Amino acid sequence: MESVQTDTATLTLNGAEYELPLSIGTEDEVGVDINTLRSESGAITLDPGYGNTGSCESAITFINGEEGVLRYRGYPIGELAEKSSFVEVCYLLINGELPTQDELDDFRHKLTYHSLLHEDMKKFFEGYPPSAPPMSVLSAMVAAMSAYYPTGDEEVVDLNIIRLLAKLKTLAAFAYKKSIGQPYVYPQNRHSYTEDFLHTMFAVPSEDYEVPDVLEEALDMLLILHADHEQNCSASTVRMVGSSGASLFASVSAGIGALSGPLHGGANTEVIRMLEEIHEAGGDSSKYVEKAKDSDDPFRLMGFGHRVYKNMDPRAEIIKSTADRVLDELGLDDPLLDIARHLEEAALEDDYFIERSLYPNVDFYSGILYRAMGLPTEMFTVMFSMGRLPGWIAQWKEMRNDEATRIYRPRQVYVGAAERDYTPIEQR
Ligand code: ACO
């Protein structure tokens, strides 16, 4: 890991001075290393939501939220979305470098040949109610993989990484088929990764089904755009769970749980719900912009704002143009897309949004694209999980191999009652 220790920061606390080393990143970001602060001074730093706290040094993804920059292993997201494939990006994130042709062929082969589920795992699906949220099913099934594929030495861990990448899409498609009461469609080795997922989702045994190229290309691009986003809520969860020595499956299962929340991966579902609500109420988007600005109204414009991006999310731009192309090629006319465009225009011209640097995020248009692909709203966050999986794996692997890793264990500032005597119940 490339970081140079230069200079120090000085903290003055209760009259004493503490020299704190700096960690300078590749792009000159500065981290003040407070590792020894508590042992030397008794004080800790307080940062609810960790907005100002670096939990690790990482060589995977670089984001400059002010300038709208996102790079995986140094490669700009726009170039990868245009020229690469999701499988190649998985290899890049997990292994650190782009593969040679032989390495890519071998990786593809493994991802194909490990995509079948253990037949016994199908019985789990029978136990879930048809109404089960697919994210709950996915998280539970990934946790259950620990039982079928126990962890072991490095070779076993590498095989489990392949298994997880190969099988998650099968688990996702089976969860969907279960929810609509259709028979499961098994993965086929002749398909590409993304094509195979769409096939297991939409094929039915009684009919021939060919995955349209435009859908395969659009989904592959969407998966690339979601593949990593440095220390976000779910990636930090994966690292935190993994820091205790928990298995890859246990760590990623927890990450899926974190992603399911409406403020994280669940936002694309919320965007569609919001657009539907506006549509059903007559399509007046400006009324909803006013609602979002009203501090007494809990309503927020879903798909707007980001903890890190204070500029246009580079992924949102790419998705927006792809949504236009897919709808055009499939000959679809989605009224929600028009509402989304109006909402974006109205918000981008409004002082409230300008002053707070609230721009559309990746979720704003991804929901419309998923709808165009025929994916039900409940599956949107599952799609996000499939895309984010290589990022979680890369983060987990980096955490594991980093000598600086200790079990994640934040401190707190206690603000509860001071010591007091217990009062028996009859005296209260
Ligand atoms: N609509 C209206 N106002 C908003 C919105 C929004 N979507 N987002 C933020 N604001 C306002 C807040 O009310 C606050 O205003 P104030 O300063 O007057 O109090 C200000 O902008 C700052 O907002 P915070 O909540 O402090 O920003 P934070 O970084 O904590 O939250 C978040 C970021 C959670 C993404 C937030 O913008 C939000 O809730 N957006 C909608 C949900 C969403 O789209 N989430 C997806 C994120 S992307 C992802 O996870 C892949």
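Visitor: How many residues surround the ligand, and which are the closest?

Guide: In this predicted model, 19 residues surround the ligand, and the closest are Arg300, Leu301, Gly303, Arg307 and Arg356. Sorted by class, that shell has 10 nonpolar, five polar and four charged residues.

Visitor: Which side chains have an N or O atom 3.0 Å from an oxygen atom of the ligand?

Guide: Look for arginine 356, where an N or O atom of the side chain is 3.0 Å from a ligand oxygen. The side chain of asparagine 361 also has an N or O atom 3.0 Å from an oxygen of the ligand. The backbone takes part too: a polar backbone atom of leucine 263 is 3.5 Å from a ligand nitrogen.

Visitor: What share of the ligand does the protein bury?

Guide: The ligand taken alone exposes 920 Å², and the protein buries 72% of that.

Visitor: Now the helices, please. How do I read a packed pair?

Guide: Two packed helices are described by the angle and the distance between their axes. Here, α3 (residues 86-95) and α4 (residues 101-113) pack at about 105 degrees, with axes 10 Å apart. So α3 is roughly perpendicular to α4.

Visitor: Which residues of α3 and α4 meet?

Guide: From α3 come Val87, Glu88, Cys90 and Tyr91, which meet Glu103, Leu104, Phe107, Arg108 and Leu111 in α4. The residues of this contact divide into six nonpolar, no polar and three charged.

Definitions and conventions: Residues are numbered from 1 along each chain as its sequence is written. This is a predicted model: local features need pLDDT of at least 70, side-chain atom pairs count only at pLDDT 80 or more; totals for chains, interfaces and linings use all residues. Side-chain values use heavy atoms; hydrogens and water are left out. Axes are lines fitted to C-alpha atoms, for helices over the stretch in contact, and angles run from 0 to 180 degrees between N-to-C directions. Helices (H or I, at least four residues) and strands (E, at least two) are DSSP runs, numbered from the N terminus. Angles under 35 degrees count as roughly parallel, over 145 as roughly antiparallel, 65 to 115 as roughly perpendicular and the rest as oblique. Contact means heavy atoms within 4.5 Å. Ala, Val, Leu, Ile, Met, Phe, Trp, Tyr, Cys and Pro count as nonpolar, Asp, Glu, Lys and Arg as charged, and the others, Gly among them, as polar. A residue is near a molecule or strand if one of its heavy atoms lies within 4 Å of it. A polar contact is a pair of N or O atoms within 3.5 Å; within protein, one must be able to donate a hydrogen and the other to accept it, and residues adjacent in sequence count only if both atoms are side-chain atoms. Accessible areas come from the Shrake-Rupley method with a 1.4 Å probe; for residues, only the protein chains shown count as cover.
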